[in-house]
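Subject: Structure handover

Hello,

Here is the structure for your files. My notes on it follow below.

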Amino acid sequence: MYGNGHQIQFVERHRLTLQYRPMNIANAPHGSTRDPSDCADLLALWALVPYFEGLPDDIIHALAQVACSKSYGAGAIIFLEGEPTAGLFMIETGTVKISRYAQGGREHILHFLDQGSTFNDVSVLDGGPNPATATAQTDVVIWNVNRADLQQMATCHPALSWALGDSIA
């Protein structure tokens with residue numbers, strides 16, 4: 001399994017929030033604790049990311065397996081510009097504002113992103129700091145894949161490496 005010894009085990013599902021708790025792989029049954037049939041919509045959403053289109057289903061499934069769900073209320077900061085990379089994000093529901101701030105504190109809005117959009121792509125690939133601040137414009141549910149998991153997956157799945165490269169080309 002990918003990651004730092006944790007899998008995501010769903011304990012409760014709400015209309016807008018997916019809650020999870022990390023589970024030590026040593027105590028887990030062999031294989032995934034998430035049944036792909038339980039999250040078909042999520043797999044379809046990952047598959048619709050433009051640079052993931054055409055990837056084999058097993059790669060999309062593996063990507064979804066290492067992703068962690070996070071919920072933020074409107075106005076909450078997801079990550080700040082300049083902090084170490086927070087990973088790759090994909091929006092399940094809601095709208096995320098991507099912005100930068102000038103030295104005087106003036107906000108420059110770069111993008112408003114919604115369902116199926118990814119963000120922080122460059123930072124997760126080059127290992128640099130977050131290039132902008134991400135803020136929940138509305139209540140959001142996002143999926144996050146950390147850099148270490150993405151690197152390990154790209155090593156195991158060369159097609160994913162090419163797709164990620166295409167995302168920043």
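How many bridges join strand β5 to strand β10, and do the two run parallel or antiparallel? There are 5 bridges between β5 and β10, and the strands run antiparallel. Please keep in mind that this is a predicted model.

Strand β5

β5 covers residues 88-93, and β10 covers residues 140-145. As for burial, 5 of the 6 residues of β5 are buried, so the strand is largely enclosed by the rest of the structure. Buried here means under 20% relative accessible area.

Helices α1 and α2

Two packed helices are described by the angle between their axes and the distance between the axes. For α1 (residues 40-47) and α2 (residues 57-66), the angle is about 110 degrees and the axes are 9 Å apart. α1 is therefore roughly perpendicular to α2, since angles of 65 to 115 degrees count as such. The crossing of α1 past α2 is right-handed.

On the α1 side, the contact is made by Leu-43, Trp-46 and Ala-47. α2 contributes Ile-60, His-61, Leu-63 and Ala-64. Sorted by class, the contact of α1 with α2 has 6 nonpolar residues, 1 polar residue and no charged ones.

Regards

Technical notes. Residues numbered from 1 in each chain as written. Predicted model: local features only at pLDDT ≥ 70, side-chain atom pairs only at ≥ 80, totals over all residues. Heavy atoms only, no water. Axes fitted to C-alpha atoms, helices over the stretch in contact; angles between N-to-C directions. Helix = DSSP H or I, 4+ residues; strand = E, 2+ residues; numbered from the N terminus. Parallel < 35°, antiparallel > 145°, perpendicular 65-115°, else oblique. Left-handed = near helix turned anticlockwise from the far one by under 90°. Contact = heavy atoms within 4.5 Å. Nonpolar A, V, L, I, M, F, W, Y, C, P; charged D, E, K, R; others polar. Buried < 20%, exposed > 50% of the residue type's maximum accessible area, 1.4 Å probe, protein only. Pairing = 2+ DSSP bridges.
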